[in-house]
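Have the structure open as you read.

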Amino acid sequence: MPKIKAINFNFFYAKTQALHSLNLEIKLNNLLTIMGPTGSGKTTFLRALNRLNDRVPAARHAGQLLLDGTDVYAPKVDVAELRRRVGMVFALPLPLPLSIYENVAYGPRKKGINSRSRLDTIVEKALIDAAIFEEVKDRLNSSAQHLSGGQQQRLALARVLAVEPEVILLDEPTSGLDPLSTFRIEETLQQLKKQYTIILVTHDPLQAARINSDVAFLYLGKLIEVGPATEMFTRPRNRRTEDYITGKFG
Amino acid sequence: MLDQEKWAETVLTVVGLSAVAILGLIILFIFKEGLPAFTQVGLWQFLTGTDWLPSKGKLGILPMIAGSFMVTAGALLIGLPLGLGCAIYLSEFATPRTAALLKPTIELLAGIPSVVFGFIGLTLIVPFIRVFFGGPGFSVLASSLVLGIMILPTMVSVSYDALRAVPLTYREGMLALGASEWQTVKMVVLPAARPGILAAAILAMGRAVGETMAVIMVAGNSAIVPGSVLDPVRTMTSNIALEMGYATGLHRQALFATGVVLFVIISVLNIVARAVVRRK
């Protein structure tokens with residue numbers, strides 16, 4: 001069974017349709033890159049998966065979006081629980097106005113973990129997995145807001161990892177970062193995909209190529225093409241995919 | 001063309017400076033009128049004297065200073081939590097339609113003349129306090145309740161704007177961790193909006209200190225330091241408004257001096273509050 005499966009999934013903001021009959025599968029512990037220009041519906045797809053779009057007035061969906069075979073929009077689904085299972089990293093990192101340690105410990109605490117030693121273990125592991133531990137280990141108690149943009153983004157990732165999600169959504173996580181920080185995030189993702197199911201959204205074909213995973217190309221809310229990056233970037237089956245990766249539009 | 005530019009600049013500069021000049025003249029005027037009272041009564045005696053008997057030449061305004069402080073503190077105690085709670089509800093929990101309906105309604109409160117608030121206080125709140133809590137009803141409590149309601153529109157609309165100005169991404173970052181709406185408000189939205197909320201509190205405080213008419217109608221106006229919240233009270237503004245009509249000589253100068261003290265206290269409160277806001 002695929003970890004995530006969209007079956008004829010449509011999404012609307014009032015009268016605007018953002019996703020058109022999307023059919024897509026992501027296997028357990030796999031990384032899928034969703035590539036597409038602005039307005040292609042890629043962010044909408046992520047925000048449907050953790051139901052952040054619930055907050056948008058007049059947003060509605062049709063079709064199914066399954067996580068482990070259960071529709072995330074089923075009435076019995078606890079949204080807070082869903083969001084702990086499906087973590088998300090945003091384009092703009094936002095550290096809480098707390099120390100580095102407390103930023104990461106916040107999620108686990110909310111899950112009811114209060115033992116200091118257990119929290120210490122979780123925080124350290126999350127920071128190591130997000131490849132930021134070495135840089136911050138000596139100042140875990142200082143404010144997270146003094147970190148650089150790249151560090152804040154990896155802290156955001158650590159914050160998500162500390163909740164021990166099953167799925168990690170990343171919405172253009174490197175759009176505000178310099179090449180070196182981008183490289184570190186991408187390298188981290190290669191490690192993380194062994195343990196997590198990951199969906200990375202990017203508008204950058206070069207990033208999709210570097211990540212070198214399965215790639216789905218979205219355009220104007222429709223899935224144009226999906227397949228391994230090596231195939232898509234060498235022999236795109238669709239004309240629009242070719243135009244996009246060669247920079248003719250987007 | 002250049003001439004026109006120069007002209008516009010000159011005219012606007014004059015207009016802009018005249019606003020400052022008017023403020024300067026007001027300050028100059030009340031200080032000029034009030035200072036003789038300080039020298040004749042003695043500054044310390046004037047500020048700490050507990051007897052206000054102008055006919056006998058006893059001019060101590062401590063009861064009025066205490067009155068203004070108590071009434072303002074009471075108003076803030078009532079108005080701040082109520083106003084902030086209302087703003088949080090409107091900004092974070094109400095549907096856009098409810099908020100669009102409720103916010104203008106609350107702002108309408110600001111348009112009600114203060115004498116009407118006083119009237120409502122006089123006919124509803126004062127008898128209520130007299131019957132259920134005892135005392136004359138005209139009291140610190142009555143004034144605080146009336147003022148607490150009067151500062152609501154300021155408190156609600158300024159802190160609502162501050163809360164709305166917190167970027168959506170801040171909220172979503174928290175929600176995406178599985179936090180509830182309230183946890184998100186507590187952890188992210190309120191800390192981020194804090195300077196704006198403090199600004200709202202400063203404005204509300206200014207309104208409460210300065211309000212005169214509504215307070216005169218429900219405060220009882222005895223020039224005695226109140227022993228409890230059920231005792232009558234006279235504020236500095238009430239003191240000026242009540243007696244200016246017939247005061248002459250030193251009495252009149254003492255009323256201006258009350259204005260000077262009020263001005264200094266409000267300025268100090270403003271400076272302190274602004275410093276707090278800026279320190280973040």
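## Chain B at a glance

Chain B holds 12 helices and two strands; helices (H or I, at least four residues) and strands (E, at least two) are DSSP runs, numbered from the N terminus. Read from the N terminus, the elements of chain B run α-α-β-β-α-α-α-α-α-α-α-α-α-α. This is a predicted model, in which local features need pLDDT of at least 70 and side-chain atom pairs count only at pLDDT 80 or more, while totals for chains, interfaces and linings use all residues. Residues are numbered from 1 along each chain as its sequence is written, and chains are lettered from A and ligands numbered from 1 in the order in which they are written.

The C-alpha trace of chain B spans about 70 × 70 × 35 Å along its principal axes. Chain B has 280 residues, and 41% of them count as buried. The term buried stands for 20 or more other C-beta atoms within 10 Å of a residue's own, exposed for 12 or fewer, and partly exposed for values in between, with C-beta atoms placed from the backbone. Among the contacts in chain B with a separation of 6 or more, 73% come from residues 24 or more positions apart; two residues are in contact if their C-beta atoms, placed from the backbone, lie within 7 Å.

Helix H7 of chain B covers residues 152-164, which is 13 residues. From its first C-alpha to its last, H7(B) reaches 18 Å, close to the 18 Å expected at 1.5 Å a residue; the expected span is 1.5 Å times one less than the number of residues.

How many of the 13 residues of H7(B) are buried? The count is 11, so H7(B) is largely enclosed by the rest of the structure. Among the buried residues are B:Leu152, B:Pro153, B:Met155, B:Tyr160 and B:Leu163. The cover over the buried residues of H7(B) includes helix H3 (62-93), helix H4 (96-108), helix H6 (140-150) and helix H9 (181-210) of chain B.

## H3(B) and its two partners

Two packed helices are described by the angle between their axes and the distance between the axes. H3(B) packs with H9(B) at an angle of about 140°, and their axes are 9 Å apart. That makes H3(B) oblique to H9(B). Axes here are lines fitted to C-alpha atoms, for helices over the stretch in contact, and angles run from 0 to 180 degrees between N-to-C directions. Angles under 35 degrees count as roughly parallel, over 145 as roughly antiparallel, 65 to 115 as roughly perpendicular and the rest as oblique. H3(B) passes H9(B) in a right-handed crossing; a crossing is right-handed if the near helix is turned clockwise from the far one by less than a right angle, and left-handed if anticlockwise. The contact includes B:Ala75, B:Gly79 and B:Phe93 of H3(B), along with B:Val185, B:Ile197 and B:Met205 of H9(B). By class, the contact of H3(B) with H9(B) has 14 nonpolar, four polar and two charged residues. Ala, Val, Leu, Ile, Met, Phe, Trp, Tyr, Cys and Pro count as nonpolar, Asp, Glu, Lys and Arg as charged, and the others, Gly among them, as polar.

With H6(B), H3(B) packs at an angle of about 45°, the axes being 8 Å apart. That makes H3(B) oblique to H6(B). The crossing of H3(B) and H6(B) is right-handed. Among the residues that meet here are B:Met70, B:Gly74 and B:Ile78 in H3(B) and B:Val140, B:Ser144 and B:Leu147 in H6(B). The contact of H3(B) with H6(B) has nine nonpolar, five polar and no charged residues.

## Where the chains meet

Chain A gives 18 residues to the contact and chain B gives 14. On the side of chain A that touches chain B, helix H2 (79-85), strand S6 (86-89) and helix H3 (100-110) of chain A each give two or more residues. H2(A) gives the most, with four residues. By class, this side of chain A divides into 10 nonpolar, three polar and five charged residues.

## Details in chain A

In H3(A), the buried residues include A:Ile100, A:Val104 and A:Pro108. Helix H4 (116-129), helix H5 (133-136) and helix H6 (149-162) of chain A are among what covers the buried residues of H3(A). Just after H3(A), A:Gly112 takes a positive phi of about 100°.

A:Asn29 has a phi near 50°, a positive value in a residue other than glycine. A:Asn29 sits in the loop between strand S2 (16-26) and strand S3 (31-35) of chain A, and counts as partly exposed because it has 14 C-beta neighbours inside 10 Å. A:Arg51 has a phi near 60°, again positive in a residue other than glycine. A:Arg51 is in the loop between helix H1 (42-49) and strand S4 (59-67) of chain A, and with 20 C-beta neighbours inside 10 Å, A:Arg51 counts as buried.
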